[in-house]
Amino acid sequence: MSSTITLEKIVALCKRRGFVFSSAEIYSGINGVYDFGPLGAQMKRLLKTAWLKHMQSFSEDVLEMDGALLGPAATWKASGHLDNFSDPMIDCTSCKKRFRADDGSVDPQKPCPSCGNKAWTDVRRFNLMFETNLGALVDADAKAYLRPETAQSIFINFKNILSSCRVKVPFGIAQIGKAFRNEITPRQFVFRVREFEQMEMEFFCKPEQSDEYFTIWLDRQKSFYLSLGFAPESFRFRPHDADELAHYSKNCTDVEFHFPMGWKELEGIAHRGAFDLTQHSQHSGKDLSVFEQENNRSYMPHVVECSVGVDRLFLAVLCNAYYEDIVEGEARVLLKLPMSLAPIQVAVLSLVKKLNDATHPVVALLKAAGLRVQFDDSGSIGKRYRRYDEIGTPYCVTVDFNTLEDKCVTIRNRDTLEQTRVPLTEIVRVLTA
Ligand code: ATP
């Protein structure tokens, strides 16, 4: 990440190049909700694939599931979300603006930062869940909630999966999917939004294994971020102080990333003990404990949770990759995305439109090799290079008039700017090396 990076620059690049748009922009937008354009959607998919692959790369089984977005009140009562999933808020009675009361954005002793008057309400709790009614009836039984996290559908399906999928404790269940939180003050682009995606993995183990697995998953998550190309100094692990821990949690460590707005939580890794399964057992009346034949005992598995937001990770990857430099006297913006996360890995350029017919077979060759390729014949070569630098494309392959004779193309490297002449028969090998 370059030192000159600001969130504004990332937001502008995302819009300019089709990574992220404000949702419903043509109707003036909707606060805290974003749409991902083609490049953003592709990059998010690559991140999700990388995460799941990482989760499933260890000797223990980690199964994937895809739970419903709507949940009954009973689920959220048992999980504690109905009673406790709230943030303190304070309203200005003069301008009607609402603020979070715990993040330093306002000081009740001082005037409202928006209108300058001092007319605060008391601090009140505001539940972050989106509530709705199922069907036409509006009564307590019809009440449902959009899930504020994916984890609970994992807990309530624990027994279903254990009994249907031939797995044994210790094992994990991973889920990637949408979550919704009615954040009081969504901000900082896709860092804090009202609709987002989470990647959560709940690892179920015997109580006596849980401390060890907590440490193991800390290590595994560190290697995940390094594998995404994160500079070691760009992220850190911050263990929670005892007074920060939820009452049931034995241990929790945040993975923090150095965003342009400072060090912020990217992922939470938590030792949740037997809290969730115990709660759901008690509230549902269904026994979620496990019987261990060897020792003739029943026990409630303990859980180590790894929970990261896709949108936050997406932002972190962009920040990590963002650089500015000067090339031949001209300012250049580039994303140094690794090949594995680049939405477009190779741009294939025809020097002039006349060469398009000779260029299409090169596109086909690279696509057949499984590369993410874009053909481009518009604008000067220099302008095209800049466009692909800005969206993180590691290589540009140019077809010129000599290609017709020597069957070679020029491969240009985004980071070193090196240009190499390579025979067509060799380009797949060179680009995938
Ligand atoms: P924060 O303190 O930043 O609100 P949290 O501690 O409430 O986060 P968790 O409930 O632990 O977050 O959720 C796990 C992960 O989900 C977070 O580390 C983050 O990456 C992501 N996440 C949570 N809330 C949001 C949000 N409103 N927008 C985007 N991502 C989110």
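**Close-up views of a predicted model**

**View 1. Helices H1 and H9 in contact.** Leu7, Ile10 and Cys14 of H1 meet Leu315, Leu318 and Cys319 of H9. By class, this contact of H1 with H9 has six nonpolar residues, no polar residues and no charged residues. The structure shown here and in the other views is a predicted model. H1 covers residues 7-16, and its axis runs 11 Å from the axis of H9. The two helices pack at an angle of about 105°. H1 and H9 are therefore roughly perpendicular to each other, because angles of 65 to 115 degrees count as roughly perpendicular.

**View 2. Helices H2 and H9 in contact.** H2 spans residues 38-55 and H9 spans residues 310-321. The axes of H2 and H9 are 10 Å apart, and the packing angle is about 105°. That angle makes H2 roughly perpendicular to H9. On the H2 side, the contact is made by Gly40, Met43, Lys44, Leu47 and Lys48. On the H9 side, the residues are Val310, Asp311, Leu313, Phe314, Val317 and Leu318. Sorted by class, the contact of H2 with H9 has seven nonpolar residues, one polar residue and three charged residues.

View 3. Which protein atoms lie 2.8 Å, 2.9 Å and 3.3 Å from atoms of the ligand? A backbone N or O atom of Val193 lies 2.8 Å from a nitrogen atom of the ligand. For Phe191, a backbone N or O atom is 3.3 Å from a ligand nitrogen atom. Arg312 uses a polar side-chain atom, which lies 2.9 Å from an oxygen atom of the ligand. Taken alone, the ligand exposes 590 Å², and the protein buries 80% of that area.

**View 4. The shell of residues around the ligand.** Which element gives the most to the shell? Strand S14 does, with four residues. There are 15 residues around the ligand, and those that come nearest are Glu183, Arg192, Val193, Glu265 and Leu266. By class, the shell divides into five nonpolar, four polar and six charged residues.

View 5. Val169 and Pro170 are joined by a cis peptide bond, with omega about 5°. Most peptide bonds are trans. Where is Pro170 found? Pro170 is in the loop between helix H6 (158-164) and strand S10 (171-180).

**View 6. The positive phi of Lys407.** Phi of Lys407 is near 55°, which is a positive value in a residue other than glycine. Most residues other than glycine have a negative phi. Lys407 is found in the loop between helix H12 (401-406) and strand S23 (408-413).

Terms used: Residues are numbered from 1 along each chain as its sequence is written. This is a predicted model: local features need pLDDT of at least 70, side-chain atom pairs count only at pLDDT 80 or more; totals for chains, interfaces and linings use all residues. Side-chain values use heavy atoms; hydrogens and water are left out. A residue is near a molecule or strand if one of its heavy atoms lies within 4 Å of it. A polar contact is a pair of N or O atoms within 3.5 Å; within protein, one must be able to donate a hydrogen and the other to accept it, and residues adjacent in sequence count only if both atoms are side-chain atoms. Accessible areas come from the Shrake-Rupley method with a 1.4 Å probe; for residues, only the protein chains shown count as cover. Ala, Val, Leu, Ile, Met, Phe, Trp, Tyr, Cys and Pro count as nonpolar, Asp, Glu, Lys and Arg as charged, and the others, Gly among them, as polar. Axes are lines fitted to C-alpha atoms, for helices over the stretch in contact, and angles run from 0 to 180 degrees between N-to-C directions. Angles under 35 degrees count as roughly parallel, over 145 as roughly antiparallel, 65 to 115 as roughly perpendicular and the rest as oblique. Contact means heavy atoms within 4.5 Å.
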